[in-house]
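Please open the structure in your viewer and keep the selection panel at hand. The tour goes from one selection to the next.

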Amino acid sequence: MKRIAFKMKLKPGFIEEYRDRHDRIWPELTKLLNEVGISDYSIYLDPDSLTLFAVQVQQDNYVGYNLSEHPIMKRWWRYMSDIMECNEDFSPKESLLEQVFYLP
């Protein structure tokens, strides 16, 4: 099991829309994330900077390396692209964060 953290950026004016879309996350996306070995996935928001801070646990069976090629993931990215900073392929601009402290 491995825990990773990364940050993304929300566009101004879309806090409630971002919350709403995640409240209605597609069941097929949830299933896909679980199937590739992602669990205990949380996203936090700093409303002052619109920075999204994500933490996820990747299980020992994690095979998410091909997740970016999956049609469901691509569809979700396109769906979210109007409210987040994205790359040309509609994937969110992400920056991995380095863990500097952990208290189990």
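Which residues are linked with Arg21 in a network of salt bridges? Select Glu17, Arg21 and Asp82: these three residues make up the network. Note before going on that the model is predicted.

**Stop 1**

Keep Glu17 and Arg21 selected and show their side chains. The two form a salt bridge in which the closest N and O atoms lie 2.7 Å apart. Both belong to helix α1, residues 15-23, and because they are four residues apart there, about one helical turn separates them. Colour the pair by accessibility. Arg21 has a relative accessible area of 7%, so it is buried. Glu17 has a relative accessibility of 29% and therefore counts as partly exposed, since the partly exposed class lies between under 20% for buried and over 50% for exposed.

**Stop 1: two further salt bridges**

Select Asp20 and Arg24 next. They also form a salt bridge, and its closest N and O atoms are 2.7 Å apart. Asp20 is partly exposed because its relative accessible area is 31%. Arg24, at 46% relative accessibility, is likewise classed as partly exposed.

Then go to Glu69 and Lys74. The salt bridge between them has its closest N and O atoms at 3.6 Å, which still counts because the cut-off is 4 Å. Glu69 reaches 55% relative accessibility and so counts as exposed, while Lys74, at 40%, counts as partly exposed. How many salt bridges does a search of the whole structure find? The search returns seven.

**Stop 2: helix packing around α3**

Switch to a cartoon view and select helix α1 together with helix α3. Their axes are 12 Å apart, and the helices pack at an angle of about 155 degrees. This angle makes α1 roughly antiparallel to α3, because angles over 145 degrees fall in that class. Their crossing is right-handed.

Is the crossing of α2 and α3 left-handed or right-handed? α2 passes α3 in a left-handed crossing.

**Stop 3**

The relative accessibility of Tyr44 is 49%, so it counts as partly exposed, because exposed requires over 50%.

**Stop 4: Leu52 in strand β3**

Finish by hiding the surface and selecting Leu52. This residue lies in strand β3, residues 51-58. Is Leu52 buried or exposed? At 1% relative accessibility, Leu52 counts as buried. The separation is 8.3 Å, for residues that are 46 apart along the chain.

Terms used
Residues numbered from 1 in each chain as written. Predicted model: local features only at pLDDT ≥ 70, side-chain atom pairs only at ≥ 80, totals over all residues. Heavy atoms only, no water. Buried < 20%, exposed > 50% of the residue type's maximum accessible area, 1.4 Å probe, protein only. Left-handed = near helix turned anticlockwise from the far one by under 90°. Helix = DSSP H or I, 4+ residues; strand = E, 2+ residues; numbered from the N terminus. Axes fitted to C-alpha atoms, helices over the stretch in contact; angles between N-to-C directions. Parallel < 35°, antiparallel > 145°, perpendicular 65-115°, else oblique.
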